[in-house]
Amino acid sequence: MFYLCLSACIYLLYAKGEIFIVGDGYGWDDLYDFNNWPDGIEFHVGDVLVFNYERGLHNVLQVDYTGYENCIKDSYIRRFSSGNDSVILKEGRAWFICGINDHCENGQKLDINVIP
């Protein structure tokens with residue numbers, strides 16, 4: 001039990017970071033230009049991305065670079081579909097796309113760099 005509590009405390013400490021609402025007030029929507037959204041934002045390990053969207057109309061697929069560039073929807077690292085998804089950031093590049101219809105092809109995708 002001690003180790004479980006210790007692990008939970010470490011996780012909470014690690015996850016404490018800044019919270020970023022993707023797309024700000026627009027949310028994760030296919031009508032928003034995500035190419036410019038991260039401009040001027042410095043993402044750090046432990047920061048949290050929050051994807052807000054209408055469930056069923058969108059989803060969030062965390063993909064690799066190839067999946068991002070080519071909008072490959074069936075080869076994802078993680079899939080989110082709750083409509084209010086939180087992702088704790090790890091160091092390195094992170095790519096996200098919407099896997100619904102042609103949303104990714106129309107620009108509903110996000111590329112960020114996370115620094116220590």
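Visitor: Which residues is I112 in contact with, leaving aside its neighbours within four places in sequence?
Guide: Bear in mind that this is a predicted model. I112 sits in strand β8. Skipping neighbours within four places in sequence, its contacts are P38, F43, L49, L89, G92, R93, A94 and F96.

Visitor: Is I112 buried or exposed?
Guide: The cut-off for buried is under 20% relative accessible area. I112 has a relative accessible area of 2%, so it counts as buried.

Visitor: How far apart in space are I112 and W37, C-alpha to C-alpha?
Guide: Along the sequence, I112 and W37 are 75 residues apart. In space, going C-alpha to C-alpha, the distance is 9.9 Å.

Visitor: Where does Q108 lie, and is it buried or exposed?
Guide: Q108 belongs to the loop between β7 (92-97) and β8. Its relative accessibility is 0%, so Q108 counts as buried.

Visitor: Which side chain makes a polar contact with the side chain of Q108?
Guide: Not counting residues up to four places away in sequence, Q108 touches several residues, among them W28, D30 and H58. A polar atom of the Q108 side chain lies 3.4 Å from the backbone nitrogen of D30. The side-chain to side-chain polar contact, at 3.2 Å, is with H58.

Visitor: What is the phi of C71, and where is that residue?
Guide: Most residues other than glycine have a negative phi. C71 is not a glycine, yet its phi is positive, about 50 degrees. C71 is placed in the loop between α2 (65-70) and β5.

Visitor: Is N101 buried or exposed?
Guide: N101 is another non-glycine residue with a positive phi, near 45 degrees, and is found in the loop between β7 and β8. C71, at 9% relative accessibility, counts as buried. For N101 the relative accessibility is 60%, so this residue counts as exposed.

Key
Residues numbered from 1 in each chain as written. Predicted model: local features only at pLDDT ≥ 70, side-chain atom pairs only at ≥ 80, totals over all residues. Heavy atoms only, no water. Helix = DSSP H or I, 4+ residues; strand = E, 2+ residues; numbered from the N terminus. Buried < 20%, exposed > 50% of the residue type's maximum accessible area, 1.4 Å probe, protein only. Polar contact = N/O pair within 3.5 Å; in protein donor to acceptor, adjacent residues only side chain to side chain. Contact = heavy atoms within 4.5 Å.
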